[in-house]
Amino acid sequence: MEAATALEVKDVSPGNAEEPQTSPRQGARSPISQILSPIEEHPKICLPRALRQTYIRKVGDTVNLLIPFQGKPKPQAIWTHNGCALDASRVSVRNGERDSILFIREAQRADSGHYQLSVQLGGLEATATINIMVIERPGPPQSIKLVDVWGSNATLEWTPPRDTGNAALLGYMLQKADTKSGVSHSRHLLGTLKLWFTVLEHYHRTSCIVSDLIVGNSYAFRVFAENQCGLSETAPITADLAHIQKAATVYKTKGFAQRDFSEAPKFTQPLANCTTVTGYDTQLFCSVRAFPKPKIIWLKNNIDIQGDPKYRALTCLGICSLQIRKPGPFDAGIYTCKAVNTLGEASVDCRVDVKAPE
């Protein structure tokens, strides 16, 4: 079959209706035929891939669609919106030889719908439908209510927004603010809270339980609605604060058994034998453990040397020391440290040798 077609239009006037036939081959009448230009290329629309699914724009965005088509001679391109003619005050169309452009300077939600392009050539027609959705941010949820508070938990409920922004809701975002972060206790100042912390994002239900709240704090909550365009510009705030009370603690005291630390003297570190040089101070050390605190007695060759200015005895936290000031040969001998309390006594000895300087 040939691609080109011809259209023949017959026109017979009354003046020549009775004229005789001029040739037997022409039949009973001799019509006047008018042959229109043949269709060299059938009309066809080449819809871009991006427009084969819903075309989404935000309120205020520009819509500029270029749709290529085929057809020769030049076909007629006609646009409709939801089956009606376009609003020329909002939508402009430019038809070229091989394409058609639909232009909206600032899209509004009323511009959403089904746009159909019809390309007509003779008795042939090609159509394409484009779904345009113009969206905006959703309205805020209608209200949020503090249902219950127990322990460190709070139960919240809210109602969906009246206006979803012409798009499906993606969920809700819940935030909290507490009195320890600069939040006012006054209800009429809840709208001026500054320090908000996000608790839930992309949450799909209209109720939730917020846990792990800090004891002693008071909390306010607010919730935003969210769609493909973003979060709602405002959010309702709970009318009441959630006060997290500290639970009363009852302490059960147990009987305390007093431990008896009484102990007879016991030396934990004995005296060590030493050799010193004439004229150089020397110190002896030992440690004792006892309760009650013991009395410390120093002896030299079994003779009490308490009060002798030649010696200086000190006791601190169980550490016993004896300083021999500038010892001479006569200071050599056996030194004894004795500890005595009401439970008993103990002693340790050491030998001290004094030699002349070399």
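The model is predicted, so local features need pLDDT of at least 70 and side-chain atom pairs count only at pLDDT 80 or more, while totals for chains, interfaces and linings use all residues. Residues are numbered from 1 along each chain as its sequence is written, and side-chain values use heavy atoms, with hydrogens and water left out. Strands are DSSP runs (E, at least two residues), numbered from the N terminus.

**Lys-300**

- Lys-300 belongs to strand S23, which covers residues 295–300.
- Lys-300 is buried but has no salt bridge. Buried means under 20% relative accessible area with a 1.4 Å probe, protein chains only. A salt bridge needs a side-chain nitrogen of Lys or Arg within 4 Å of a carboxyl oxygen of Asp or Glu.
- The nearest side chain of opposite charge is that of Asp-331, 4.0 Å away; Lys and Arg count as positive and Asp and Glu as negative, with His and the chain ends not counted.
- A polar atom of the Lys-300 side chain lies 2.7 Å from the backbone oxygen of Phe-330.
- Leaving aside residues up to four places away in sequence, Lys-300 touches Ile-305, Tyr-311, Phe-330, Asp-331, Ala-332, Ile-334 and Tyr-335 (heavy atoms within 4.5 Å).

**The five-stranded sheet**

- The strand order of this open sheet is S21-S28-S27-S23-S24, with mixed pairing. Two strands pair if DSSP finds at least two bridges between them.
- S21 (274–277) and S24 (303–304) are the edge strands; each has a single partner strand, so one side of each has no neighbour in the sheet.
- S23 and S24 run antiparallel and are joined by two bridges, with Lys-300 opposite Ile-303 in S24.

**The four-stranded sheet**

- A second open sheet has the order S20-S22-S26-S25 and antiparallel pairing.
- Its edges are S20 (263–269) and S25 (311–316), each with a single partner strand, so one side of each is left without a neighbour in the sheet.
- Four bridges pair S20 with S22 (residues 282–291) in the antiparallel sense; Gln-269 has Ser-287 in S22 as its bridge partner.

**Strand S17**

- Ten of the ten residues of S17 (residues 218–227) are buried, so this strand is largely enclosed by the rest of the structure.
- S14 (residues 169–178) runs antiparallel to S17 and is joined to it by nine bridges; Leu-174 pairs with Val-223 in S17.
- S17 also pairs in the antiparallel sense with S19 (residues 242–243) over two bridges, where Ser-218 has His-243 as its bridge partner.
- A hairpin through two residues joins S17 to S18, and Glu-226 stands opposite Leu-231 in S18.

Note on methods:
Buried < 20%, exposed > 50% of the residue type's maximum accessible area, 1.4 Å probe, protein only. Polar contact = N/O pair within 3.5 Å; in protein donor to acceptor, adjacent residues only side chain to side chain.
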